[in-house]
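Colleague: I would like to learn how to read strands and helices in a model. Please take me through some cases.

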Amino acid sequence: MAVLSMTLVQAQERTYSGVVKGSDGQPIIGASVEVVGTTVGTSTGLDGDYTIKANQGSKIKFSFLGTKSVTVTAGGSSTVNVTLEDDATALDEVVVQAFGTVKKKDLTGSVSSIDSKLISSQANSTLSKALEGSIPGLQVSAVDGQPGLDMGIRVRGIGTASQNNANALIVIDGVPNSNSNALSLINPKDVESITVLKDAASTALWGSRGANGVVMVTTKRGQKGKPKITFEGRWGINQATNNRADLMDIPQSYEWAWQSIYNSVRYGSDQPYTTNAGNPNMKHEEAALFASQHLFNYNGGAGFKYGSTNGLGNWMHYNVPGATYTNTGTSSTMTGAYLVGTDGKLNPNAQFLGADNWDDIFLKNKFRQEYNISVSGATENTDYYLSAGYLSDPSYILGSSFNRYNVRSNINTQVTKWLKAGINMAYSRRSVQQMANKWGRSSGSDAQNIFRYLEAPSNYLANYYQRDDKGNIVYDEKTGEKVVLTVAGQQRSPLGAVSPRIANNNPTYQMEHDKYNTTSNDLTARGYLEATFLKDFTFTANLAMDQTFEDRRRYLNPDWGLAKGVKGAIHRNYNNWTNLNSQQLLNWAHDYGKHHIDALIGHEFNWNTDYRLSYQSSFGLIDGFDAFANFIALNSSQGGGGWDNGGNENKRALEGYFGRVNYIYDNKYYVTASLRADGSSKFRYMEDRWGVFWSVGGAWRISAEPWAADATWLTDLKLRADYGVIGNQNGIGDYSATKPGATALTVGQIAAHHSRKVGKSRKMRCPMTRT
């Protein structure tokens, strides 16, 4: 059976909005809202609100985990409010936990999850974006907004003194992944569910890596039935949102400047925190005339002195007939006629000369496209899921984009009655184009950060392009291109010389000619064997490999920016990151009447290595040619920074032994205990290398009591509590414990870890969090 799904949202479609609430009347955050039969969808916000476009008469489906879905017909009213009732059958749903699964009703820890319906309804380039606003207690924040890079993920706040070490552990199909952009290499359409583990009872089995919470991603597999072929194409426009601050327009800027000068000269005082409102310094007429005459050259202060340029920067965007300009130094006094009259309003006879719209220069509407195809199904003994996808996600900012190609194959088979096997393999090729400001992700105050221009703190009236005295844009005689205003005095107004917003920079030239591209080739493979024996026992052996080859290329032009002084520069950085993970799990479960007991013992070994090779060179011969042979200052440390010449190799290993026991009586009373011992190569001394992490938890399912059976309005009510110790070794460097020198400090939520001098090396222990 083939299913073809292509949807192009038309501009004339009607917009529907409303609020989705639960049976308790409270708004539901992250509920899925989708137009049936299309790929148009969204999710509810923090107040349960949503907005979606649909044709009148189409079906809109509302759903949320643990509730019954509701489908309504889009009618004449643009407001559609929905209440989702609790679904008792959802309690038997299985959710992912550390090294296994569990029924939702049997949970003793704090676990939340979202399914593929919500994920598929959104147009996101990375999974981290899909988590935003979807799970209570989960904070997702953009580091810099760059498409294709993961957002910061915090579970229940920041639990360490270093923000860089506060991100949740990412686990993909049961295997921890320490790649800084682990969620960007997965196609969201390949994901079945995302589960977030929040407390000690749910994260203790992750030991020294679980203190910041755990995000567990499970990819799709084939479902029983006939083969299903699905194709999906999505098209859209990426553009800047309209939720930015509503700034003053040019006439308002002049009028408010006039008002400020008027208030200063009439009511200003030399004494702090006081005004002369009760005894004005001058009459209204005198203050109004002063403000009109000295609109551009009064800077405040005692004695009402004037002469130098003020915050308006001499930027005159109007021709004022009859005006006379008398130079007073770096600016001028106006007489005869004024830009802003003594009534505080813009002169109606002033002729507008034109001004540049900075948003139009730097922010563009970009075409986004995405295509996905999958083939899935299952026979009596084998299930399969095959997929391929392509995404082009350009930013609305010049010089920023993300592209990804991906394929996946997930095959599982029942070899015999007692043996099951499977393999899940995926490949992705990612290309991230960033603004070439520096190697890091935060643009900060760099000159190449265009938001320094858009939200300029000074010279906010400045034009971007140079103009003549009639307001016409000046063009370069040789190239025919518009001339960018780059230095003070390059252009003059009737009042004097003007300055650009940020001097000595040409950001559009840099964004068009500088390059900073990161190409990553990611290969992941998971294989397992699962054997069932002696009726109640199951043994599982897992083996996984993750490998990423990364090539980072940066070119800086010789004319403007960081490499202007060295005639251009290139930087190259090659990374190879490999992670091997093996797990051996033995599960046992048995029911004794109303008593249920299950237990797990396991072993995990994780080996990770990465090596880096980098160089940089400057003084190019041919402009725009970024080959190594084009630069004569080979391996130069000049050229706007970047990676040092050279390389390194890091290796790290982690081994863990763990166990878990669950006891349930009559589906009402629950007790759970977990224990894990981790040994990490990050610690030098054997007595410090191993740490023990544990948790205990219990729950009372009140809704299962006989006396609560008559409460038909109550679907499930559970009282639970847990306590445990979990670790965070992320803040410790690979060889920190073997380096001589100074002390270091890493702080957990409660317990503090410190290192101290011991001879010529440092003695360290893993930071622990008690929760």
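Colleague: Which residue of β24 does Ile373 stand opposite?

Modeller: Ile373 stands opposite Ala388 in β24. This is a predicted model, where local features need pLDDT of at least 70, side-chain atom pairs count only at pLDDT 80 or more, and totals for chains, interfaces and linings use all residues. Residues are numbered from 1 along each chain as its sequence is written, and side-chain values use heavy atoms, leaving out hydrogens and water.

Colleague: How many bridges join β23 to β24?

Modeller: Two strands pair if DSSP finds at least two bridges between them; strands are DSSP runs of E, at least two residues, and helices are runs of H or I, at least four, numbered from the N terminus. Here 10 bridges join β23 (residues 366–378) to β24 (residues 382–392), and the two run antiparallel. They form a hairpin with 3 residues between them.

Colleague: Which strand is joined to β23 by 12 bridges?

Modeller: That is β18 (residues 225–238), also antiparallel to β23. In this pair Thr230 stands opposite Ser374.

Colleague: How far apart are the end C-alpha atoms of helix α4?

Modeller: The expected span of a helix is 1.5 Å times one less than its number of residues. Helix α4 (residues 250–267) has 18 residues and should span 26 Å; its end C-alpha atoms are 26 Å apart, which agrees.

Colleague: Which residue caps the N-terminal end of α4?

Modeller: Asp249 does, with a side-chain oxygen 2.9 Å from the backbone nitrogen of Gln252.

Notes: Polar contact = N/O pair within 3.5 Å; in protein donor to acceptor, adjacent residues only side chain to side chain.
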